[in-house]
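Keep the 3D view open while you read.

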Amino acid sequence: MKKILASLLTLLLFTSCGSFQAKRVDASESDEKAMEITDQWVQGDTERVVSEILKNISDHKGFKRYLRKSGKTPTVFIGEVKNLTSEAYFPINDINDEFLNEISASGDFILVDASSRENILKEITYQNDGMVDPSTAKNIGKQVGADVMIFGNIYMKPATRDGKTIKQYSVNIRMTNIESGLEVLRTRAKLSKFSNQSASGW
């Protein structure tokens, strides 16, 4: 009897396992599925809008005209892209980091390290206070100034389409010539996310 029960249990186990199919997906496919089923901003959204923004900058007629006129690789100060959505937990730091990384990787700009400027100034001051051999001390005023500044904002507007509520995101970027104050370019990337929340909830 025990042998019969054990055989039946084994048969049921293999039968049930045969109907179960597990599928391993890579990070990009997993992220793509997440974008389809969630209204939350995911890493794939960040990569998509940053890639689109960089392409828009590269193709922008005003930017091409600026490059022809300057005749050199522009030195750029990356300002903050601000979260102006109603979402307090929107991953704005991820977007700023991704944008900075991709700008650097493109090789189209020389970056001014804005975040390290204060620490650099402290080090130069220390070197010129007699604590370092004067022949190796770096001088104040030798840093390279930026030619242009890039900054922007992110907005989100809820809307209803085909009976479904969606979040319409707009990532807006501007580039300004620091010396003249004139705008070099303005561009944006748009992205919509389906939401389970009613528009009146925002």
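A quick definition before we start: a residue is called buried when its relative accessible area is under 20%, and exposed when that value is over 50%. Also keep in mind that this is a predicted model.

First, the big picture. The protein has 6 helices and 5 strands, and, starting at the N terminus, they come in the order α-α-α-α-β-α-β-α-β-β-β. Out of its 202 residues, 32% count as buried. If you take contacts between residues at least 6 apart in sequence, 65% of them link residues at least 24 apart.

Now zoom in on helix α5. Its 15 residues reach 21 Å from the first C-alpha to the last, close to the 21 Å expected at 1.5 Å a residue. Which residues of α5 are buried? They are Ile 92, Ile 95, Asn 96, Glu 98, Phe 99 and Ile 103. These residues sit on the same side of α5, because they cover an arc of only 165 degrees around the axis. Look at the other side of α5 and you'll find Asn 93 and Ala 105, which are exposed. As for what covers the buried residues, the list includes α3, β1, β2, β3 and β4. Just past the end of α5, Gly 107 has a positive phi of about 75 degrees.

The structure has 1 cavity of 30 Å³ or more, and the largest cavity holds about 50 Å³ of space. What lines it? The lining is made of Val 50, Ile 53, Val 81, Ile 95, Phe 99, Val 171 and Ile 173. By class, that makes 7 nonpolar residues, with no polar and no charged ones.

| Element | Residue range |
|---|---|
| α3 | residues 43-59 |
| α5 | residues 92-106 |
| β4 | residues 164-177 |

Last stop: Phe 63, in helix α4. Is Phe 63 buried or exposed? Phe 63 counts as buried, because its relative accessibility is 5%, and the cut-off for buried is under 20%. Neighbours within four places in sequence aside, Phe 63 is in contact with Ile 57, Pro 74, Phe 109, Met 175, Val 184 and Leu 185.

How values were computed: Residues numbered from 1 in each chain as written. Predicted model: local features only at pLDDT ≥ 70, side-chain atom pairs only at ≥ 80, totals over all residues. Heavy atoms only, no water. 1 Å grid on protein atoms, 1.4 Å probe; cavity = no way out; pocket = protein on both sides within 12 Å on 5 of 7 lines; lining within 4 Å. Points joined across faces, edges and corners; volume = space filled by probe spheres on them. Helix = DSSP H or I, 4+ residues; strand = E, 2+ residues; numbered from the N terminus. Nonpolar A, V, L, I, M, F, W, Y, C, P; charged D, E, K, R; others polar. Expected span 1.5 Å × (residues − 1). Buried < 20%, exposed > 50% of the residue type's maximum accessible area, 1.4 Å probe, protein only. Arc of directions from axis to C-beta. Contact = heavy atoms within 4.5 Å.
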